Amino acid sequence: MDGTDLVGRTAVVTGASRGLGREISSRLASSGARVVAIARDAAGLEDAVAGMPGSVSALPVDLADVDGIADAVAGVGDVDVLVNAAAVMSARRSKTLESSLDDWRSVRAVDLDAPFALISAFVPGMVERRWGRVVNVTACLGRMTGPGTAGGLAPYRVAKAGLNALTRNLAHEQGMGRRGVLVDATCPGHCRSDMGGPDAPRSVEEGADTAVWLACRPGTPSDPPPTGRLWEDRVEVPW
């Protein structure tokens, strides 16, 4: 693994019971982090955690209950790495004028509002300690160039675009790494997960790689690496 190990660090990963979140959790634990794995499915999360190396604990949290997130994670303690990997997809034919307000809100809650709530819970401590990594797993469908402008999947596309914007905004507020906190987003691509389906062209391992790389990048406030970016396969891509 390129970069620094995470021995002595605590990482929180959402969506950790399966797919990208599960792979990211396992690889961060292999890098030495104490991982707090979050997912809604308590039984599935326990099964996932049981197969991971290192120090991994399960914390069942329903991220759709955004108002309850702060209390749910209050006992986690200091967190050094936050990976927002949980997501829900809107209906395949959910164009803007065909989406109900309930569908819009349910996707936004998990894909955008929950990351904001977790950032609010953990990033102030990172700033105080002058070291932290925030990695938002977004989507190329949320880019304002290329695939992000094609229409359809409106709740999902717009929520992911919002998460991209949140990433960029927070990074600038943190001095683009000069306060010790790196904030980045990654497009994992179309992966063979529950969301992506069995015929997707990329493996979960390929999709998780950039998120793990971002979480483990070295850097100091006086010499931060490039941050506030959108990355795919460790290469910056346009927003």
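The model on screen is predicted.

**Stop 1: Arg234**

Select Arg234. This residue sits in the loop between strand E7 (230-232) and strand E8 (235-236). Check its backbone: phi is positive, about 65 degrees, although Arg234 is not a glycine. Most residues other than glycine have a negative phi. Arg234 is partly exposed, with a relative accessible area of 26%.

**Stop 2: Arg130**

Go to Arg130 next. The loop between H4 and strand E5 (132-137) holds this residue. Phi is again positive in a residue other than glycine, near 60 degrees for Arg130. Its relative accessible area is 44%, so Arg130 counts as partly exposed.

**Stop 3: H4 against H5**

Now select residues 101-129, helix H4, and residues 154-173, helix H5. At what angle do H4 and H5 pack? The angle is about 15 degrees, with the axes 8 Å apart. Angles under 35 degrees count as roughly parallel, so H4 is roughly parallel to H5. The crossing of the two helices is right-handed.

Show side chains at the contact. From H4, pick residues including Trp104, Val107, Leu112, Phe116 and Ile119. From H5, the contact includes Tyr156, Val158, Leu163, Leu166 and Leu170. Charged residues are there too, among them Asp103, Arg108 and Asp111 of H4 and Lys160 of H5. The contact of H4 with H5 divides into 14 nonpolar residues, one polar and four charged.

**Stop 4: H1 against H6**

Move to helix H1 (residues 19-30) and helix H6 (residues 204-215). Their axes come within 9 Å and cross at roughly 50 degrees. That angle makes H1 oblique to H6. The crossing of H1 and H6 is right-handed.

Select Gly19, Leu20, Glu23, Ile24, Arg27 and Leu28 in H1. They meet H6 residues including Val204, Glu205, Gly207, Ala208 and Val212. How many residues of this H1 and H6 contact are nonpolar, polar and charged? Eight are nonpolar, two are polar and four are charged.

**Stop 5: the cysteines**

Finish with Cys187 and Cys216. Both are buried: Cys187 has a relative accessible area of 2%, and Cys216 has one of 0%. How many disulfides does the model contain? The count is zero. Cys187 has the sulfur of Cys140 as its nearest cysteine sulfur, 3.1 Å away. A disulfide needs the sulfur atoms within 2.5 Å, so Cys187 is in no disulfide.

Key. Residues are numbered from 1 along each chain as its sequence is written. This is a predicted model: local features need pLDDT of at least 70, side-chain atom pairs count only at pLDDT 80 or more; totals for chains, interfaces and linings use all residues. Side-chain values use heavy atoms; hydrogens and water are left out. Buried means under 20% relative accessible area, exposed over 50%, partly exposed in between (1.4 Å probe, protein chains only). Axes are lines fitted to C-alpha atoms, for helices over the stretch in contact, and angles run from 0 to 180 degrees between N-to-C directions. Helices (H or I, at least four residues) and strands (E, at least two) are DSSP runs, numbered from the N terminus. Angles under 35 degrees count as roughly parallel, over 145 as roughly antiparallel, 65 to 115 as roughly perpendicular and the rest as oblique. A crossing is left-handed if the near helix is turned anticlockwise from the far one by less than a right angle, and right-handed if clockwise. Contact means heavy atoms within 4.5 Å.
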